[in-house]
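Biologist: Thanks for joining me! Could you walk me through this model?

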Amino acid sequence: MTIAATTKVPPKRSFARGVHPDDAKSLSAGSPVEVLPMPKSVLIPLSQHIGAPCESKVKPRTEIAVGDVLGDSDAFVSAPVHASVAGATAAATVVTLPNGQHVGAVPITASDQQPLAGRALWDDIYGGDWPTGTIDSFEPEQIAEAVRNAGIVGMGGATFPTHVKLARNPDKPIDTLIINGCECEPYLTSDYRLMLEAPEPIIAGALLAARAAGAERIIVAIEDNKPDAIEKMRSSAAGAGVEVVGVHTRYPMGGEKQLIVAVMSREVPTGGLPLDVGVVVVNVATAAAVARAVLRGKPLTHRIISITGEGVVSPKNILAPVGAGYAALIEYCGGLTDEAGRVISGGPMMGFALGDLDTPVTKGTSGVVVLTEEQTRKAEETACVRCGRCVDVCPLGLVPTRIALAARNMDWEMARRYYITACCECGCCAYVCPAEIPLVQLIRAGKAGMPRD
Amino acid sequence: MGEEEEKTEQVAPVLSVAPGPHISAARSMRRVMIDVLVALVPAAATGVYVFGWRAGMQMGVCVVSCMFFEALFQKLRKRPQTIGDLSAAVTGLILGLSIPWTAPWYVGFIGSAAAILIAKMLFGGLGSNIFNPAMAGRAFVQACFASEMTTYLLPGKIGPPRAVEIISQATPLAAGKFEQVAYNLQDLAIGTVNGSVGETGAIACALGGLYLIFRRSASWRIPLGMLAAAAVVAGINQALTDTVMTVGHHLLAGGLVFGAFFIATDPATSPLSSRGRWIFGVGTGVLVMLIRLFANVPEGVMYAVLVMNMTVPLIDRWTVPKPVGGRVQK
Ligand code: SF4
Ligand code: SF4
């Protein structure tokens, strides 16, 4: 393996190209996490991850408790979903998630008697002690199993089932686990608040995940626009054998491939995965969920969500149950302002615009950003002027304008020649395009429409 | 809070749905074109200083005609008007700056028609054109009005109001090539010599060019590659022959600096990738010098750019950048 040789290159803490949007984090960065008062009902989608959807495991009108399994699948690349509130189920329906997927969903009417609420709920999820002394007593398979059963998926937004990443593969040994605290999307502050308010479960989860994957080195990477989070994580990590590094603030630093270049100077091969270069990347919130699953035996039922943007009356960070409606969260933050023009699930670069605010939040919902009409106004699309700006910013070194052209003409040979499948849909190209060409949308459509060879 | 809720219910905002990214840092084409116009001010001012009102006339005729022809074309084709992006104004100004101060007004007018109607709009408009419109227009009038385009004196052998007098007011490149007379480098740098309206002042052109690059409205690789390549070829020529034209003369005289910053950098007709831009810049610089040294014309910027324009699709094909992670797809 050439891994040992490449590690000697001092990491640059950055990657080539990319963009520098205004991070706009100050809107919600200063608000400590608040626990959302129990909504009257939640709607829990049966597929909140990449991979096989779950089948419903509950009948309508059943009394259920927090943490009961609502859906599961036998497929390896899948993750079960659990009830996030106590109450009674209703007949399963279908819901359209912000990314356009239609998935089955189980409605639950919350009962008046919830076991935990307010501060007690926070303490159960992120508070209290997170003993790291016993971690070596867990077998790697045992950790991966607990992670699967807890339904943990990538909470940074990618929603790839975490147990699949952590499962050991004898052909592809892992030497390094990167805990991703970059939160490079503008506006979002949920990971930031988590790092400030609950660093211990992140560290415990990192140690567990590293043990499961067989990684010897653990690096927590945080963008340097969050110096207090770096400080906090450093003091928490002291003595645990976990390194905390600050990386440059540059979008999309939180992308796995960019982060691995910045932290390790290793390039994930085109079309490959981080494990091809001996690395696993896990988001900070995901790591905390791993700790809770293994040390406390609790499934993933809640997450921190930033409700922010110029279109929200009072931006906040909220601990909310999976399945709560976007409308309920926005209402808790004082509602939309008169200028609100677009509600985005996720960040403004890669998030999806919401048409229906009654959609439920899922395990991968890191934030809700409401922008004003003025902020999202765009000039009319014109022909590509070949200015090359998209090429200058693509973090993967692609030629976005050519890929988009190929996708538009359904010229798959050309699309492949320009590496369409390598595109990570980060949006840098469309962000700078003076012709306002919807490059990412075209590329995404091209990937979906391309015949598999 | 109750009040706010009521308020938001009364005026429910209209929410839009569109694909991401939802924010944009794009500077409109109009903004980029304004940068180019601003960057051309020093060159234009030098032109007016050296050549007087006729310089202003050339620029004015070309700018107005280019915008007129683009508007006319769009009107006839019943397409939305595009002159608002100001690319036609830029083409007009560059064309006006690259024709002799002595040319009659209809030269600029016809050149504008060729530039906009043939080179730009018939190819599909901004971005789809293969040839730099201003240079295509100039080539057209050069063919139609050969003597008007190569005469730099008004009837009665009247030279430019503020140019130094050497050899019957020939342009510096023609003087060097055909009379073995070298102009003073200082005059070349300032621009007080005979020539086309906007290209005589090397310093003024470079100032505007640096502004463009500073504003990231033009690639720096193309001008650097072009000037460096031209300097190298001129240097070899200086070392091997007994020419009076030094590297400095070749760099400062004629339209090299003007072309490097304002013509070769035209995004629509230059390559997309950084490697492609280097190749394009160096290729143009070498061609300019080969034409100057070996062809039967004193200046080569226009032909060099037009020839290199044709190679852009090929360069783009050859220089598909290596993606991060390598070319082999796993
Ligand atoms: S940024 Fe837009 S206009 Fe410029 S080359 Fe790319 S696609 Fe074309
Ligand atoms: S082509 Fe893909 S990877 Fe490159 S900037 Fe555009 S969205 Fe990002």
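Modeller: Gladly! Contact here means heavy atoms within 4.5 Å. Please keep in mind that this is a predicted model.

Biologist: How many residues of domain 1 of chain A are in contact with domain 2 of chain A?

Modeller: The assignment for chain A puts domain 1 at 25-32 + 119-296 and domain 2 at 389-449. Their centres, taken over C-alpha atoms, are separated by 30 Å. On the domain 2 side, six residues take part in the contact, and on the domain 1 side the number is five.

Biologist: What area do domain 1 and domain 2 of chain A bury between them?

Modeller: The size of an interface is often given as the accessible area lost when the parts come together. Between domain 1 and domain 2 of chain A there are zero salt bridges. Carbon and sulfur atoms give 72% of the buried area, which is about 440 Å².

Biologist: Which residue of chain B meets A:Asp392 in a salt bridge?

Modeller: Chain A puts 67 residues in contact with 49 of chain B, and the two chains bury about 4700 Å². In chain A, the residues losing the most area to chain B are A:Thr270, A:Arg386 and A:Tyr419. The count of salt bridges between these chains is two. For A:Asp392, the N to O distance is 3.5 Å and the partner is B:Arg277.

Biologist: Which charged residue is in the shell around ligand 2?

Modeller: Ligand 2 takes up the space of the largest cavity. By class, its shell has ten nonpolar residues, one polar and one charged.

Technical notes:
Residues are numbered from 1 along each chain as its sequence is written. Chains are lettered from A and ligands numbered from 1 in the order in which they are written. This is a predicted model: local features need pLDDT of at least 70, side-chain atom pairs count only at pLDDT 80 or more; totals for chains, interfaces and linings use all residues. Side-chain values use heavy atoms; hydrogens and water are left out. On a 1 Å grid over the protein atoms alone, a cavity is a set of points where a 1.4 Å probe fits but cannot get out, and a pocket is an open set with protein on both sides within 12 Å along at least five of seven lines; lining residues have an atom within 4 Å of a point. A molecule sits in a cavity or pocket if more than half of its atoms lie within 2 Å of its grid points. Ala, Val, Leu, Ile, Met, Phe, Trp, Tyr, Cys and Pro count as nonpolar, Asp, Glu, Lys and Arg as charged, and the others, Gly among them, as polar. Domain bounds come from an automatic or database domain assignment. Buried area is the accessible area (1.4 Å probe) that two parts lose on being put together, summed over both. A salt bridge is a side-chain nitrogen of Lys or Arg within 4 Å of a carboxyl oxygen of Asp or Glu.
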